[in-house]
Amino acid sequence: MTGPVRQTMYTHGYSDSVLASHRQRTAENSAGYLLPHLNKSMHLLDVGSGAATITTGFVPLVASVTALELKKEALDLTRQEAQRNGVEMDFALGDVHALPFADNTFDAVHVHQVLQHVADPILALKEMRRVVKPGGVVAARESDYEVFAWFPEDPLLSEWRQLYLDISRSNGGHPDAGRRLLYWAMVAGFTDIEPSAMSWCFATQPTRDYWGGMWERRILDSSIAEQARSRGVSQQKLEDISQAWARWKDTPYGWFMVPHAAILAYK
Ligand SMILES: C[S@@+](CC[C@H](N)C(=O)[O-])C[C@H]1O[C@@H](n2cnc3c(N)ncnc32)[C@H](O)[C@@H]1O
């Protein structure tokens, strides 16, 4: 293990509105850049598995999957998703800053939308590099909230983004993680890295209903809502932001883009 265990507050928490969003994720739609590199002989670690709809998608593609989560509450969500899907995997409690595995244990280590929430992403990547075998791959994908883009413009949605950035940073997070991923991996010791970028696009009525409807609820009822209130943001302001999301959702030309950066880093 390397360095001390560090903790940040996980900004999103595990409320229903958050989990409903994370459960839209699949191995295909969120880890497509890694899938061609997996095979049935590989042992894969998924760090920060959470709602685990991505994690369960790896199971048929590899020899074994180990899911790691920071807290029992989150690991229980992973267990429930594995049970729902009737798939076998191993479960581990631990912190990505000090992974509870020997050096050179896994063929692939996957991490999705986790590094933006941790205190020291470089130490996290060093740890993932330590536990992957020589020739193995660490696959990481992170979004970049600073460059989320939408139309039509609405000052309340700009306030929403600023609120999120402020809360994430005050929790020790890195909401612009995407653009930093390559740099972090290089400092962590990787020399063979394939970078790429992709995006989610919400611009059809069903996708606007999902993304806009999720934030319409999440800004009122989630860990972010509680943190906003504790920073002195009024209930009226949160309701105004929620209504702005409802208006955006119902705009027939409403458009929203969430950019992601990804790396495949080989040891
Ligand atoms: C945004 S969720 C992503 C979950 C899943 N990877 C996905 O994309 O659906 C971030 C997850 O990282 C976990 N997490 C946060 N800090 C962590 C740490 N230091 N070590 C391991 N997991 C952590 C949280 O508990 C949470 O489940």
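**Reading a buried residue**

Reply: L34 is located in the loop between α2 (27–31) and β1 (43–47), where helices (H or I, at least four residues) and strands (E, at least two) are DSSP runs numbered from the N terminus. This is a predicted model, in which local features need pLDDT of at least 70 and side-chain atom pairs count only at pLDDT 80 or more, while totals for chains, interfaces and linings use all residues. Residues are numbered from 1 along each chain as its sequence is written, and side-chain values use heavy atoms, with hydrogens and water left out.

Me: Is L34 buried or exposed?

Reply: Buried means under 20% relative accessible area, exposed over 50%, and partly exposed in between (1.4 Å probe, protein chains only). L34 counts as buried because its relative accessibility is 0%.

Me: Which residues is L34 in contact with, leaving aside its neighbours within four places in sequence?

Reply: Contact means heavy atoms within 4.5 Å. On that basis L34 touches L44, F58, H110, V137, A139 and L264. L264 is 230 residues from L34 in sequence, yet their C-alpha atoms are 7.4 Å apart in space.

Me: Why is helix α5 described as largely enclosed by the rest of the structure?

Reply: Nine of the eleven residues of α5 (residues 121–131) are buried, so the helix is largely enclosed. Among them are I122, L125 and M128. The buried residues of α5 pack against β1, β4 (106–112), β5 (132–143) and α7 (177–187).

Me: Where does Y253 lie, by contrast?

Reply: Y253 lies in the loop between α10 (235–249) and β8 (255–266), and it counts as exposed because its relative accessibility is 54%.
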